[in-house]
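Thanks for coming, everyone. Let me put the model on the screen, and then we will walk through it.

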Amino acid sequence: MELKPKFDIVYMEPAFSFLESLSEKVQDKIAYNISKSRYFMDKELFKKLNDEIWEFRTKYQGITYRLLSFWDKDSGSLVVATHGFLKKTQKTPIKEIERAEALRREFYKNKKG
């Protein structure tokens, strides 16, 4: 039996820039965790924050990295990573969630136009 991924992922420019700013080892760990999340839903790696925004989580050498994302509801199987940041507190900062929501609106506006 062949496992099929539950979703594909694309990266908006802010997410791509965030990933490029990290060391290769951190990039590899994040890529591994995202790949794993595509096949197995694990709340430690991919967690719903609100009705629209999800969070990819990676911890590497004591530092917690986050990529916020959303499902492209038109495709049903595409996750769009909006941006990333280093998480310093237990709760995801509201301003980061608001930024992800704004980038989500921008994505749909550009998709229509």
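Arg 57 and Glu 55 join their side chains in a salt bridge, at 3.1 Å from N to O. By salt bridge I mean a side-chain nitrogen of Lys or Arg within 4 Å of a carboxyl oxygen of Asp or Glu. Arg 57 and Glu 55 are both buried. Buried means under 20% relative accessible area, exposed means over 50%, and partly exposed is in between, with a 1.4 Å probe and protein chains only.

A word on the ground rules. This is a predicted model, where local features need pLDDT of at least 70, side-chain atom pairs count only at pLDDT 80 or more, and totals for chains, interfaces and linings use all residues. Residues are numbered from 1 along each chain as its sequence is written, and side-chain values use heavy atoms, with hydrogens and water left out.

Back to the charges. How many salt bridges are there by this rule? The count is seven. Side chains of opposite charge can pair when their charged atoms come close.

Take Lys 111 and Asp 72. Their side chains form a salt bridge at 2.6 Å, N to O. Helices (H or I, at least four residues) and strands (E, at least two) are DSSP runs, numbered from the N terminus. Lys 111 has a relative accessible area of 40%, so it is partly exposed. Asp 72 has 2%, so it counts as buried. Salt bridges with shared partners also join Glu 52, Lys 73 and Arg 104 into one network.

Lys 73 is in the loop between β4 and β5, while Glu 52 is in the loop between β2 (46-48) and β3 (54-60), 21 residues apart. Lys 73 is exposed because its relative accessibility is 54%. Glu 52, at 23%, is partly exposed.

Next, strand β5. Is it buried or exposed? Nine of its ten residues, 78-87, are buried, so the strand is largely enclosed by the rest of the structure. Two strands pair if DSSP finds at least two bridges between them. Strand β1, residues 8-11, pairs with β5 in the parallel sense over four bridges. There, Ile 9 stands opposite Val 79. Strand β4, residues 63-72, pairs with β5 in the antiparallel sense over nine bridges. Tyr 65 faces Leu 86 in that arrangement. The hairpin of β4 and β5 has five residues between the strands, and Gly 76 there takes a positive phi near 80 degrees.

Zoom in on His 83, which lies in β5. His 83 has a relative accessible area of 0%, so it is buried. Its side chain makes a polar contact of 3.0 Å with that of Thr 82. A polar contact is a pair of N or O atoms within 3.5 Å; within protein, one must be able to donate a hydrogen and the other to accept it, and residues adjacent in sequence count only if both atoms are side-chain atoms.

Last stop, Gln 61. Where is it? Gln 61 is in the loop between β3 and β4. Gln 61 has a positive phi of about 50 degrees, although it is not a glycine. Most residues other than glycine have a negative phi. Gln 61 counts as exposed, because its relative accessibility is 70%.
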